[in-house]
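Please have the sequence and the coordinates open while I talk.

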Amino acid sequence: MKFARRGFLPLLLVLPALLSSQPLPERIESVVRSSITARHGHWGIHVLDLSTGQSLYAWQEDQFFVPASTTKLFSTAMALHRLGPDYRFRTAVFAPRKPENGLLRGDLRLAGGGDPTLSGRAYPYRRDAPAGNPLQAIEDLSDALARQGIARIEGDIIGDDTAYEWEPFPEGRAQEDFLWEFGAPVSALTVNDSRIALVVRPGRRAGDPAQIRLTPSFDYFLVENRVVTTAAGTPKLQVARAPGSRQLRLWGTMPLRGPAEGRSLAVDDPALFAAAALRDALIRRGVAVTGRPQARHRYPGETLLPAEPSPAAGDVRLAERLSPPLADILTVVNKESVNLHAELLLAETGRARRGVGSRAAGLAELESFLREANVPDGDARLYDASGLSMLNMTTPRALTSLLSWMERSPLRDAFRDSLPVAGEEGTLRNRFRGLPEARWLRAKTGSLSRVIAIAGYAGSPSGIRAFAILVNNYAVPAAEVRAIVDKICMLLLD
């Protein structure tokens with residue numbers, strides 16, 4: 001990792017005078033023994049000197065832990081190596097024939113190819129980049145169709161996600177995850193991260209129903225609004241949706257002069273959502289559509305063509321979109337820790353390498369990759385790519401082994417650049433604030449109920465260190481555990 005190229009050399013010249021004479025292992029051990037009690041949970045720590053391969057500190061480094069989103073280090077490293085930094089995803093629109101005199105007879109098929117970038121996100125990641133139009137990709141495809149003179153479509157709009165098998169939720173997720181955007185279903189046709197933003201504001205007077213706004217604003221969810229405006233108090237908002245349902249149920253109270261309440265919700269069927277968005281965009285351009293939005297899925301083990309975003313026999317490609325390169329995509333996946341994107345990378349790697357866009361194929365390829373990456377056999381037992389599954393188990397040693405191997409990889413810079421800079425970016429933006437030296441930490445965080453994790457690289461005067469700190473089953477406030485983790489991280493910079 002070429003840390004010196006980006007500012008590590010000044011660090012090497014300035015910090016030595018500030019160093020403690022106590023060896024690093026003893027300083028870490030001092031923090032561990034003075035801070036961690038039984039109520040702080042189950043801890044595992046491993047620190048490697050990457051210049052020598054020497055283990056600088058190890059505590060339960062070979063024990064299993066739920067890794068949360070540090071799992072993304074495994075899946076993104078695999079995608080980078082198996083697909084390549086310049087890999088692009090393709091989304092295309094097909095019809096059974098070309099339009100004639102403004103008329104298109106037959107269904108219009110929007111075929112997904114696993115592209116995670118069909119949203120308003122900026123690629124590559126840019127701190128404070130304004131959010132773009134969440135449906136910009138759909139708008140662009142609609143413009144391309146309108147330029148061909150299509151005025152009427154006599155058929156349905158099909159959202160086709162058959163490039164991947166339809167298995168929307170990995171094993172081991174909590175039941176309530178499906179409601180929220182962080183647990184959005186996995187589909188080869190994913191628009192706006194398969195999410196809708198909900199904003200609830202008080203009505204004009206006490207007793208009025210609250211005002212509800214959904215973005216994007218085309219018709220998709222049916223909303224049952226039982227939220228009542230009150231004269232005073234605090235917001236008490238409840239949101240529910242049955243699995244697979246398009247009906248949102250809202251109830252509770254909103255104070256008259258209180259602030260708006262926002263939620264980010266997952267859609268139930270991403271392919272159907274994408275088809276509805278395309279139909280809406282076409283109608284806004286004056287195109288008459290006689291049919292309805294429909295979804296086309298491919299179930300596990302089913303043989304169904306097309307199995308990728310390509311024309312079926314006799315179909316005509318009318319429009320297409322290519323994603324940004326994978327290296328740019330990874331900067332969002334890891335810095336923002338986007339669960340859905342990691343799952344799409346897993347399925348795409350399975351499709352590209354094993355001919356099947358499925359979780360099983362992706363996990364099989366991941367197992368093979370981890371052997372190549374010198375991760376000890378059996379040290380990473382994974383059920384998904386994002387870390388949202390509570391069934392995942394890994395050791396701290398597995399993470400540092402991967403990080404060490406990636407340091408020697410020709411793709412090390414692309415991998416390292418995908419990780420958040422402490423105190424500045426993504427999931428580490430609000431940690432280590434006010435500590436300028438913390439910017440020499442690049443690391444992936446992880447967080448679930450009773451799980452805190454962090455793994456990555458730390459620059460120091462003596463070289464670069466790979467580290468992993470995993471904490472499970474603590475019985476104190478998360479902030480208390482995180483403070484100890486962060487203190488250990490700062491020691492790694494000495």
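Arg-263 has a relative accessibility of 25% and so counts as partly exposed, where buried means under 20% relative accessible area, exposed means over 50%, and partly exposed is what lies in between, with a 1.4 Å probe and protein chains only. Its partner in a salt bridge is Glu-261, with the closest N and O atoms 3.2 Å apart, and Glu-261 is itself partly exposed, at 21%. By salt bridge I mean a side-chain nitrogen of Lys or Arg within 4 Å of a carboxyl oxygen of Asp or Glu.

Before going further, the provenance: this is a predicted model, in which local features need pLDDT of at least 70 and side-chain atom pairs count only at pLDDT 80 or more, while totals for chains, interfaces and linings use all residues. Residues are numbered from 1 along each chain as its sequence is written, and side-chain values use heavy atoms, with hydrogens and water left out.

Glu-139 is buried at 11% relative accessibility, whereas Arg-285, at 26%, is partly exposed.

The other pair is Arg-82 with Glu-372, where the closest N and O atoms are 2.9 Å apart. Here too distant parts of the chain are linked, since Arg-82 sits in helix H3 (residues 71–83) and Glu-372 in helix H8 (residues 359–372), 290 residues apart. Arg-82 is buried, with a relative accessible area of 13%, and Glu-372 is partly exposed at 45%. Both residues belong to a network of salt bridges that also includes Arg-353, Arg-354 and Glu-365.

Now to the sheet. Five strands form an open sheet with antiparallel pairing, in the order E2-E1-E21-E20-E19, two strands being paired if DSSP finds at least two bridges between them. At the edges are strand E2 (55–59) and strand E19 (441–448), each of which pairs on one side only, and the twist averages 10° from one strand to the next. Within this sheet, strand E1 (residues 42–49) and strand E21 (residues 463–472) pair over eight bridges in the antiparallel sense, and Trp-43 has Val-471 in E21 as its bridge partner.

Finally, the cavity, meaning a set of points on a 1 Å grid over the protein atoms alone where a 1.4 Å probe fits but cannot get out, with lining residues having an atom within 4 Å of a point. Across the whole structure, the search finds one cavity of 30 Å³ or more, and the volume of the largest cavity is about 80 Å³, volume being the space filled by probe spheres set on the points, which are joined across faces, edges and corners. Which elements each supply at least two residues of its lining? They are strand E7 (157–165) and helix H7 (339–354), and H7 gives the largest share, three residues. Among the lining residues are Tyr-164, Glu-165, Glu-343 and Arg-359.

Notes
1 Å grid on protein atoms, 1.4 Å probe; cavity = no way out; pocket = protein on both sides within 12 Å on 5 of 7 lines; lining within 4 Å. Helix = DSSP H or I, 4+ residues; strand = E, 2+ residues; numbered from the N terminus. Axes fitted to C-alpha atoms, helices over the stretch in contact; angles between N-to-C directions.
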